Amino acid sequence: MKIPKHIAIILDGNGRWAKGKGMPRNYGHTVGAKNVETVCRAADELGVKYLTLYAFSTENWNRPASEVEALMKLLESYLKNCIKTAEKNNMRVRVIGEIGRLSSKFQQKIKELEAVSAANTGLNLTIAINYGSRDEMLRAMRHMFADVKSGKITEEDIDEEMFSSYLDTKDLPDPDLLIRTSGEQRLSNYLLWQLAYTEFYFTDVPWPDFHKKELELAIEAYNSRDRRFGGIKEE
């Protein structure tokens, strides 16, 4: 079975999962955060090299203030614990998104985590926090425009490869497989440029219940696809 080199996941269904158990939404987010390590371990065991997780979108700020505050605290706590997890599992961790809106303490945790895990050679985990693909592309274009004005690059230099080098994911290969949990079938402003040739897999299983078996089912579905690039079937 061919294992996708890079899998991107939209972590969906935490709140609905908790509600189904008669628990508050924040309980679902807590359990969902704990499931990240489970799925990272499973991905590493299966031979996945890159895993990119959509943890908090630019649109998530529109949720109730109490839920946003709880999510921020949960993400900060996760990143703090992730330093030990990354060391234990030889995992490199990066964060993409507009982190300038996050607290200075949160930003410092991100920088610390990226620095201490930079030399790790196992699974490459990328976490999207305050990320939106349209925002990412606008930031990239502003940066590129500034470089054109300063003479660093010329208009003629701009092509797909150049544009990609200005994105948050410039150091990552494009995803081979996108998974969205909990039954929704939309991209929700996630990696719109990077998913141009990606296979999609949607499952009704909510994120807190998405474990190794579910990941294997997604990879099996990926293997059943007749992938073609420019009319040539991928071997």
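## Two crossing helices

A helix crossing is right-handed if the near helix is turned clockwise from the far one by less than a right angle. In this predicted model, the crossing of α2 and α7 is of that right-handed kind. Helix α2 covers residues 25-46, and helix α7 covers residues 212-223. Their axes come within 9 Å and cross at roughly 50 degrees.

Which residues meet here? On the α2 side they are V39, A42, A43, E45 and L46. On the α7 side they are K212, L215, E216 and I219. Six of the residues in this contact are nonpolar, three are charged and none is polar.

## The nonpolar cores

The largest nonpolar core has 43 residues. Within this core, the residues with the most contacts are I7, I9, L51, L125, I129, I179 and L215. Helix α3, residues 65-89, gives the most to the core, with eight residues. L215 also belongs to the α2 and α7 contact, on the α7 side.

I9 shows what such a position touches. Leaving aside neighbours within four places in sequence, I9 is in contact with V39, L51, T52, L53, Y54, I179, Y190 and W207. V39 is one of the α2 residues that meet α7.

Most residues other than glycine have a negative phi. The loop between β5 (177-180) and β6 (199-202) holds S182, and L191 is found in that loop too. Phi of S182 is near 75 degrees, a positive value in a residue other than glycine. L191 is not a glycine either, yet its phi is positive, at about 50 degrees.

The cut-off for buried is under 20%.

## A partly exposed helix residue

D44 lies in helix α2. Its relative accessibility is 37%, so D44 counts as partly exposed. How far is D44 from S188? The two are 144 residues apart along the chain, and their C-alpha atoms are separated by 26 Å.

How values were computed:
Residues numbered from 1 in each chain as written. Predicted model: local features only at pLDDT ≥ 70, side-chain atom pairs only at ≥ 80, totals over all residues. Heavy atoms only, no water. Axes fitted to C-alpha atoms, helices over the stretch in contact; angles between N-to-C directions. Helix = DSSP H or I, 4+ residues; strand = E, 2+ residues; numbered from the N terminus. Contact = heavy atoms within 4.5 Å. Nonpolar A, V, L, I, M, F, W, Y, C, P; charged D, E, K, R; others polar. Core = buried A, V, L, I, M, F, W, Y, C linked by side-chain atoms within 4.5 Å. Buried < 20%, exposed > 50% of the residue type's maximum accessible area, 1.4 Å probe, protein only.
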